Amino acid sequence: MSEAGTPGNGRNKEIENAKIKFPVTFQLKAVMNSSATDEENKNNISTVLNNLKIKNSCTNSKKSSKGTYISYNYQVTLVSKLQLETLYDNLKSVPGLKFAI
């Protein structure tokens, strides 16, 4: 294995030890069931973001090829690790959310 390669378990120690410097702006992707309307889904995600006072904007959305799911991309700016952790905890309560990355 070369120095630049990843260890046998697929983990990269440099990435594992990396620290996020806040404030940080990144793209949050939320994948949801398409059973609710587009407006309802966006409102549910925006409510979580706004309640946490997270600066955000929905940059785009895309339906899956079969129309079962829809993904939303939000540009968000977070000010602390606690805010990041709280965001993901609160997103778990959004109706129809499959996952967020």
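Helices are DSSP runs of H or I with at least four residues, numbered from the N terminus. In this predicted model, helix α2 is followed by Lys-53, whose phi is positive, near 55°.

The protein chain contains three helices and four strands, arranged along the sequence in the pattern α-β-α-β-β-α-β. Of its 101 residues, 24% count as buried. The chain exposes about 7,200 Å², of which carbon and sulfur atoms supply 50%. Among contacts with a separation of 6 or more, 68% are accounted for by residues 24 or more positions apart.

Helix α2 comprises the 14 residues 38-51. At 1.5 Å a residue, a helix of this length should span 20 Å, and the end C-alpha atoms of α2 are 20 Å apart, which agrees with that expectation. The buried residues of α2 are Asn-41, Ile-45, Ser-46, Val-48 and Leu-49. These residues lie on the same side of α2, because they cover an arc of only 155° around the axis. An α-helix has 3.6 residues a turn, so residues three or four places apart point the same way. The face turned away from the buried side of α2 carries the exposed residues Glu-39 and Asn-51. Cover for the buried residues of α2 is provided by elements that include the strands β1 (24-33), β2 (55-63) and β3 (69-78), together with helix α3 (81-91).

Within α2, Asn-41 has a relative accessible area of 2% and is therefore buried, the cut-off being under 20%. When neighbours within four places in sequence are left aside, Asn-41 is in contact with Met-32, Asn-33, Ala-36, Ile-70 and Tyr-72.

In soluble globular proteins, nonpolar side chains tend to be buried together. The largest nonpolar core of the present chain has 18 residues, of which Leu-28, Ile-45, Leu-49, Ile-54, Tyr-74, Leu-87 and Leu-91 touch the most other members. At least two residues of this core come from each of β1, α2, β3 and α3, and β3 gives the most, with five residues. Two of the core residues named above, Ile-45 and Leu-49, are also among the buried residues of α2. Leu-91, another of the named core members, touches Leu-28, Val-48, Leu-97 and Ala-100, not counting residues up to four places away in sequence. Of these partners of Leu-91, Val-48 is one of the buried residues of α2.

Conventions. Residues numbered from 1 in each chain as written. Predicted model: local features only at pLDDT ≥ 70, side-chain atom pairs only at ≥ 80, totals over all residues. Heavy atoms only, no water. Expected span 1.5 Å × (residues − 1). Buried < 20%, exposed > 50% of the residue type's maximum accessible area, 1.4 Å probe, protein only. Arc of directions from axis to C-beta. Contact = heavy atoms within 4.5 Å. Areas by Shrake-Rupley, 256 points an atom, 1.4 Å probe, with all protein chains shown as cover. Core = buried A, V, L, I, M, F, W, Y, C linked by side-chain atoms within 4.5 Å.
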